[in-house]
Amino acid sequence: MMAGPPLTPVEMRRYARHFSLPEIGETGQRRLKAARVLLVGAGGLGSPAALYLAAGGVGVIGIVDDDRVDESNLQRQILYGTQAIGRPKGEAAEERLRDLNPHVRIERFDARLTSGNALGILREFDVIVDGSDNFPTRYLVNDACVLLGKPDVYGAIFRFEGQVSVFAHREAPCYRCLFRDPPPPELIPSCEQAGVLGVVPGIIGSLQALEVMKLATGAGQPLVGRLLLFDGLLARFRELPIRRDPACPVCGDHPTIRELIDYDAFCGTPAPLADEVEITVASLRQLLAESRAVQLVDVREPWEWSICRLDGANLIPLRELPQRFGELEASRPVVAYCHTGQRSLIARQFLMAQGYGSVRSLRGGVDSWSREIDPDMPRY
Ligand SMILES: [Zn+2]
């Protein structure tokens, strides 16, 4: 491992608490200064990771994110303050990190990571932190790390739970060794449906930062071949051993994936659906104006209903539908809607299986309704 560039007296003072640690010391600090770490996503996981990596003196921090700060991000994305609402995340993150530690260089990629740009971006960094919140990006980061031989410091969260591991590091297994195929898209709950307690990504993202610092300095035992599971409600950590799968399509003995693929297609991001499955907001407005026969059912949660709703709708949250679908008449057409049109598709599938003749899902949900039909309807 390289020694890294010398530290200035100012840096020596700033990182003094690291020098008393024999596993880090001046050598470790110089290695941190030499390190180039890429954060894929500057959200719930990327926020604490970025803050600790910058504070700890990682020389270059790259940030890939094309999103803007939304008010509903602030409950967990601690890189951003109220003043940052509406601003590009990369820009706001850079400003915050510069203030935290001016000795660190930030390299921004205000773009979505794609199969087209991933290898070019990742190639320039030593360690990759996966802070993404979706399966296509997760598989993309994993495959790119395997192809380039870079460690993928993985983290994921769900409600009160999280998991961390270091994939693709030397002989380490990769994400595909553990999860060969993505879950079907209809089984993936949207974030507003699943929810997350803000401190949970704080814990998982901090563990990712710790793994990065260990990899960069050589201290300790990285989470290689181990999946660390955290249950926040029980305050319990567990560990699963994971092995490299010789039949893994990307890191196995006879890999079939030798270049990046179309990850949206691989993860089954749904193509536009037929007219008998979905209805557009414009068609629904026309339908409601012409006829009173249509039954509108809102399958969101009560807290979402209290923010906004369509006139004449009945609230039956998706989870209550199996007990309450009898409230809807099977002989009249039904239009189901939710926030963005995912849950209402599941509701449609369920109702059709119960023998309902005409059930359509509102494409884009109330979000599209407020964008295209009624700008006074609050968005969330
Ligand atoms: Zn693998």
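Guide: Axes are lines fitted to C-alpha atoms, for helices over the stretch in contact, and angles run from 0 to 180 degrees between N-to-C directions. Helices (H or I, at least four residues) and strands (E, at least two) are DSSP runs, numbered from the N terminus. This is a predicted model, in which local features need pLDDT of at least 70 and side-chain atom pairs pLDDT 80 or more, while totals for chains, interfaces and linings use all residues. Residues are numbered from 1 along each chain as its sequence is written, and side-chain values use heavy atoms, without hydrogens and water.

Visitor: How is helix 3 oriented to helix 10?

Guide: The axes of helix 3 (residues 25-34) and helix 10 (residues 199-217) come within 8 Å and cross at roughly 105°. Angles under 35 degrees count as roughly parallel, over 145 as roughly antiparallel, 65 to 115 as roughly perpendicular and the rest as oblique. Helix 3 is therefore, relative to helix 10, roughly perpendicular.

Visitor: Which geometry does the site of the zinc ion have?

Guide: Donors are N, O and S atoms within 2.8 Å of the metal (3.2 Å for Na, K and Ca); water is not among the atoms, so sites may look incomplete. Here the SG atoms of Cys 174, Cys 177, Cys 248 and Cys 251 lie 2.3 Å from the zinc ion. Four donors count as tetrahedral if all angles lie between 85 and 135 degrees. The angles among the four donor atoms are 92 to 121°, and the site is tetrahedral.

Visitor: How many residues apart in sequence are the parts tied together by Cys 174 and Cys 248?

Guide: The donor residues are spaced C-x2-C-x70-C-x2-C. Cys 174 lies in the loop between strand 6 (161-167) and helix 8 (175-178), and Cys 248 in the loop between strand 8 (236-241) and helix 11 (263-266), so the pair ties together parts separated in sequence by 74 residues.

Key: Four donors count as tetrahedral if all angles lie between 85 and 135 degrees; four count as square planar and six as octahedral if opposite donors are over 155 degrees apart and all others between 65 and 115; anything else is irregular.
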